[in-house]
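Good morning, everyone, and thank you for making time for this. Please have a look at the sequence and the structure first, and then I will talk you through them slowly.

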Amino acid sequence: MSADPLNANPTILSASDLPTRRRRPSSHTNIGAFSAVFSKGINVSSPSSDPFATSPISLSDSDSEDDAIIDRIDEQEIYDLISSISDPEHPLSLGELAVVNLPDIDVRDAPTAPFSTVLVQITPTITHCSLATVIGLGVRVRLEQALPPRFRVDVRIKEGTHSTADQVNKQLNDKERVAAALENGTLMGVLNKMLETCR
Amino acid sequence: MSDAQRFLLTIDGDQQEAAKVAEGSAKRIENKDLKLVELVQSLREFLTDDDATVRAKAIAYITAVLTALSPTTLTRQQIVVIRQFLCDRVEDESGLKEATQGLVALQRMSRFSGEDAVAIATTLFTGAHDLQRHPQGTRFVVLKLLDAIMSDQRDALKGMRGDFVVGVTDLVIGEKDPRNLMIVFSVLRVVIVEWDIVKYTETLFDAVFCYFPITFKPPPGDTYGITAQDLKARLRDCIAASHHFAGHAFPALIDKLDSTSPSVKKDVLQTIAACASNYGPTTISVHSTQLWDSLKFEVFNAQDEDLATETLIGIRAIAVKLSFGLTSAAPQSPLARFLRPITTECNERLREPQQKQARPAGQVLGSLATASPVAFASTIKAVMAPLLTLYQDADGIGKQRALLEVLGQLFESALTVYGLWCSMEGYPIENNPLDAFRDKLFEIFCQALMGTAKEETSFRIVALRGLLRLTKLRRFLADNEIGMVVQYFDEIILEEGLDGRVDLREEAVQALLGISKIKSSLIMDITIPAFMAKLPDSDIDGAINYVSTLEGLAKLGVEREIFEVLMRRLLNKLDVVLQNNSSPAYPKAILSTLHYVLSLRLLEDDPNLQVYYERLVSGLIRKATHPLQGIGNTTALNDEGVLEVMGRLANLIVRSLDAGRQESMVSEIFNLYGSPQEDPLNSLAADASLEQKRTVILSSYLLAGIRREISLPWSESPFLENLMYIASHENAASLRLAILRMISLLVNKWPVYDQSGPADVLKKLTGPENSPEDLTNGGLRVLFWLNKALLLRTSPTSTDYTSFLLDYLKDSKHGRQTARAFAILLADDELLSKSNYAVIRLLHKQRLFTYCLPKIADGFQAASAAVKPNYLVALSNILRHVPSVAITPSLDTLLPLLLQSLDLDDPDVKAATIDTLSVTVSESPQAIASHVSSVIARLLRAANISTGGNPPRVRQSALHCLRLLPGAIKNETLLPFKQQVIRSLIIALDDPKRHVRKEAVDCRARWLRMDEPDED
C-alpha cells in the first residue's frame, strides 16, 4: 500500500447515524420494549412449564419464526451486505465514508420472474479516486457471493461523482474483465482484505 | 577413601549421594574436625589432572561444600584464600562454570566483603572476556554472580567507577539468550541509574538499544515462561532509566516509528511514553516539539485504534511532565510552548468537524487536558472560543454533533481534573476555566437535547451525555440548573418512551441513576413525584403507558432512601388500583417493579428487612386472603398471574430472613390462609373455591424460601402423599406446577419426606389393584418431579427412579410423554435453586448423563422402529443441560445417536442436537472429523427450507454450526466438501427469512475463504 493515502482526510458519517433496520415497535407494545424489568415478572408461566402439552414448547410466537411471513430482499438488506466492506485505504467502512448510500440502491425482487435485479451506485470520496474500480469490484464480488443467482447485479459509479466514470463502469460490468481481474492474486488479496470486515 | 575421592566417584552416578558427601565435609569443617585448607590440599592431584573434566569436578566438590556451609563458619582470612583460589580457576576455561558457582556460594558468606566483590568483578572482566564462546548455562551462572555481588556489595563496586561500566558492557555484549537477557537488562539498569555514566552514555546506550525492538517469540513448548512482553518491559526500563539517553533515544525511537509492524509500533510508542514519564522536565522540553511532530502522524492517520490510544498516552505523558511544578501557564513556559502548536493544529482540523481527522483532533485535546489543571486551563483557553464560534456557524446537524462530541470529551477531561461532586480529593487551586463559558455551554447542550427535532436520536444522545457530565462536574452547575436537567430527563422518559426512541430513553434513565448517586434529593423531590403523577388510577380505559413509567421507577429505585419512598407510594397506588377494578396486568406490573428493585439489593443485611416483610409479605398476603375468609370482595390480587408475582416478591424477602425469624414466620404465615392449625392443603380440598385453590401458588413460593434447618409443622408422610395425589389429578397447569414444585422442595430439602422407591409411589398413585400400565400422565409427572428432587442432591434412590423411567421409553402408550418429560429433570427451576436452600450437588448433571447414555444407546438398538425416536428425544432433553466437558469423553457413543436425531421430525430435538453439535465442533473437533461427511450432509438438509420440518431457528442454527467447521477442522478434511456446501447454500441465500439468509451469507463467506492462506 502506498505511504500517502490519496484522500487523507475524507468526511465520515457517524456509525450510529447510518441507516439500519430499526426494530419497529412490535404489535404488543404494552410490554414490547421493556426487557429487563418485566420480562420475568409478566411472563409468569415458567420455562419448563409442562412438556406434556400436545404442541410441546410452542416455537415462538414472534414473526421471525413464521415461514408464512416472507421477508423480501430489500434495499436495506443490500446496504447491510455492502456497507461494512472496508475501504482499501482507510480503516473505515464504505458506509461510514458514504461511498455506498441507501438511496443509491435499487432492488427489484420478483421471485416469480426469471430475473430480479439489484443496482448499486457508488460515490467515490474524490472524483479522481483511482481505487473506484477496486471498490466497485469489491461490492460486486460481495453481492454475487451473498445473493441467490436469480439476481442480476449491476454496480456503477454514481453520475457526476467521478472523472472517468464511463471507463470504470465498463470495467465493472464486463463479465470477462471481471473474471480476469479475479484471477489476479494481488487484487484478490486486496479484495479479501476489504471483505474481511463484512458483518 | 577421602571425602574428595568419594565425591568424585559418585557425582556422575548419584548426585544426591554426592551432595550428602559434601554436606558431611561441611559438617566436619563447622565442627573444626577438618580445615578448609586441608580439604583444598587433598584435592591437589585432581586439580592438576590433565583431564579438564576431573579438574572441573574437583572444583564442583569445593562448591558443594561451600554451599553446604553455614554463612558464619568461614573467617575473613579463609574467605580471601578461597576467593583467590577460585578467581584463579576462572581463568581455567573449562572450569569457568564450576568456579563461578563456587564464588556464588562464597559471596553469601557473612564475612564476604566489598574488597572480594571488586576482586571478583575484576577477574570476571579480564578473565571471562569473550563470554559468548561459553554455553548458555555457564553464561547464566556468570551473570547470576554479577547480579548477586551487585545487589549485596554495590557501594564497593561503585568505587570502580568507569571501569565497572566498561567491564560490564564488554562482558554482556552479544548476549542473545532470553533467560540471560532478563538478568543483563536488570544489571544494566542498575548501572545506568546508579553509576555516573556521562562519559559512557553512548557505549551504554548502544549496548542497550541494539536489542530494540524485541521480536522474540517463545519456542513452542517453552518451559522457562519468559515472554516477549517480559523482555520488552525490562528493556524499556533500561532505555527510560536515564535522561542522559534522551539525545540518542528519541531520534532512534522516532526512526523506528516508521516500522510497518503494529507490534513494533506499539512497543516504540510505549517506550516513548515511558521515557517521557521518567526523564526530567528540562530534558523533555528540549524534545517535545520534535516528538509531537512525529507522533501526530500516528494519531491523525491511525490505521489502528489501539496504536492511536498508545500515541495519546505518550502525548499526555509529555504534557504531564512539562506541567511539573507549574501553577500557571506563562506563555514562555515549556508547557505553553509545547501546547501552542498542538492546539493551533487541532483547531485547524476541527474546522471541518465531520472529516476523518477531526475526531483524533478532539481526542488529542481531550487527553492533553487531563494532564494537569494548568494543561487543562491552557487547552480550554486556546480552543473553547473557536469551538463555540464553529458551533454557532455550523450548517447541518452532522457538524454540530461532531462538535458536541469534542466538547463532551473536554467535559470528561474536566471530570478527571476537577472531580465529581462527591469526590474526596482536594479541589485544584486554579479555578475551573470552564466557568467562564458556563452559561453558554449549558444553553447549547439544553437546546440540543430539548430543542431539536425529536427523531434526531443520536444527536440528542450526544447532548444528553454532555449534560450529564456537566451535572456531575464538581462545583460547576447550581442545584436549580441540575434540577432543570433532571426535569428534562424525566420528560424524555415519560413523554417519549413509547415511540421507538428507546436508546435515548435508556440513556436518560441511566443518567438519572448517575445523578441519584450524587444528588439523590433531586431525584426524590422531582423525579419520583413526576413519575407517580403519571401513573393512572386504573387501566380500565385501556391505558398501558404505566408500564414505561413503572420501568423507569424500577431502575431508579435502587438507592435505599429512594426505595423507601417508592415502596410507600407504590403500595398506596396499588390500593387505589385494586379498588378501581383494574385488570390484573396493572397490579402485576406494580409488584414486578418492587420485585425488580429488591432483587438488585443485598437484603440479608438490610436494616429495613422487617419492614419489607410486614408490608410486602404479610400485608399483601392478608389483602389477598381476606376475601377468602369473607372479608371484602376478591380483587385482581386473586388472579393467578398476580399471585405468581406476589409469591416471587415474598420469596425474595422470606429467604433473606434469619432462621429465628423464619421459625416464627412458618406458623404465622400459613395461618393467614384460614383458621389456625390448618395446613395449606385445606385450600386444595375438592370443595374449595378456585380462589382458595390458587393460594397454593403463594405457598409454593413461601415454602421455597424456608431454610432447611426449620422443621415444618405438617406430619410427614400423609402430607406428601396427599400432595402427590392432588398433583396427579389437578388439571389446571399453574396450580399443578405449584404443587409439583412443593413436592420437589419437600423431598429435596427435608430428608424426612424421603421416598421409599418408584414402585411404591406408583402403587399409591394408581391404586393397589391397578397395574403400571394404568399410570396416568399426572402420575408420570409426579414421578419425574420426585426424581428431580432426589437427583439434585444425588440421593441413591434417584438411580432407581431414573432406570424405572427409562423403562417407560419403550412403552407404546407412555413412551412419547416420558421422553418429553426428561426435560423436567435437569431444567433450571426458579424455586428449586441454591438461593432457596435446595441441595444441589455439583456433579448431578454429569451423573445423570453417564448413567443414562449407555442405557439409552442400548435401548435404542433394541427398540422397535415406532419407539426409537423416544430414546433420542429423551437424550436430547438431557444433553441440552449437560456441560460440554462432561459429554466429550462419551462422544464415540453419542455421535451416532446425535446424527440419527437430526433425521427426526421434532424441531425441538433437532435444534437441541444442533446446539450440542456446535459445542462439540468448537471443543472437540477431532471427534467430529471422522463423521464429517454425514454431519455436513445432515446440516445442509436441516438448513434447507424445502426439506420440510425445519423451522427458521433450526435452519439458522444448522447454518451457524456449518460455519464453525472451517477453522475447527483441518482444511484437508473439508476441502472435498467445499463445492457441495457452497452450491447447496445457494438455496439458503434465498430463504424467506432474513435472519436465516444472514447466517447463510456468513456461512458461505467462511467456506469461500477457507483455503486462503492465513494472514500471519
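Before any counting, one definition: helices (H or I, at least four residues) and strands (E, at least two) are DSSP runs, numbered from the N terminus. What we have here is a predicted model, in which local features need pLDDT of at least 70 and side-chain atom pairs count only at pLDDT 80 or more, while totals for chains, interfaces and linings use all residues. Residues are numbered from 1 along each chain as its sequence is written, chains are lettered from A and ligands numbered from 1 in the order in which they are written, and side-chain values use heavy atoms, with hydrogens and water left out.

Let me begin with chain B, which holds 50 helices and 0 strands. Its radius of gyration is 40 Å, well over the 31 Å that the globule rule gives for 1016 residues, so chain B is more spread out than a compact globule; that radius is taken over C-alpha atoms, and the rule is 2.2 Å times the number of residues to the power 0.38. Along the principal axes, the C-alpha atoms of chain B fill a box of roughly 110 × 85 × 70 Å.

How much of chain B is buried? Buried means under 20% relative accessible area, exposed over 50%, and partly exposed in between, with a 1.4 Å probe and protein chains only; by that rule, 57% of the 1016 residues in chain B are buried. If we take contacts (heavy atoms within 4.5 Å) in chain B between residues at least 6 apart in sequence, 73% of them join residues at least 24 apart.

Helix H16, residues 262-278, has 17 residues and reaches 24 Å from its first C-alpha to its last, close to the 24 Å expected at 1.5 Å a residue; the expected span is 1.5 Å times one less than the number of residues. Among the buried residues of H16(B) are B:Val264, B:Leu269, B:Ile272 and B:Cys275, and the cover over the buried residues of this helix includes H14, H15, H17 and H18 of chain B.

Helix H22 of chain B, residues 397-418, should span 32 Å with its 22 residues, and its end C-alpha atoms are 30 Å apart, which agrees. Of those 22 residues, 16 are buried, so H22(B) is largely enclosed by the rest of the structure. After H22(B) comes B:Gly419, with a positive phi near 85°.

Some loops of chain B also deserve a moment. A cis peptide bond, with omega about -5°, joins B:Phe212 and B:Pro213, and B:Pro213 sits in the loop between H13 and H14 of chain B. B:Lys32, in the loop between H2 and H3 of chain B, has a positive phi near 65° although it is not a glycine, and B:Lys32 is exposed, with a relative accessible area of 72%. B:Thr794, in the loop between H38 and H39 of chain B, is a further residue other than glycine with a positive phi, here near 45°.

Finally, chain A, whose secondary structure comes to 7 helices and 3 strands, in the order α-α-α-β-β-α-β-α-α-α from the N terminus on. Of its 199 residues, 44% are buried, and residues 24 or more positions apart account for 69% of the chain A contacts with a separation of 6 or more.
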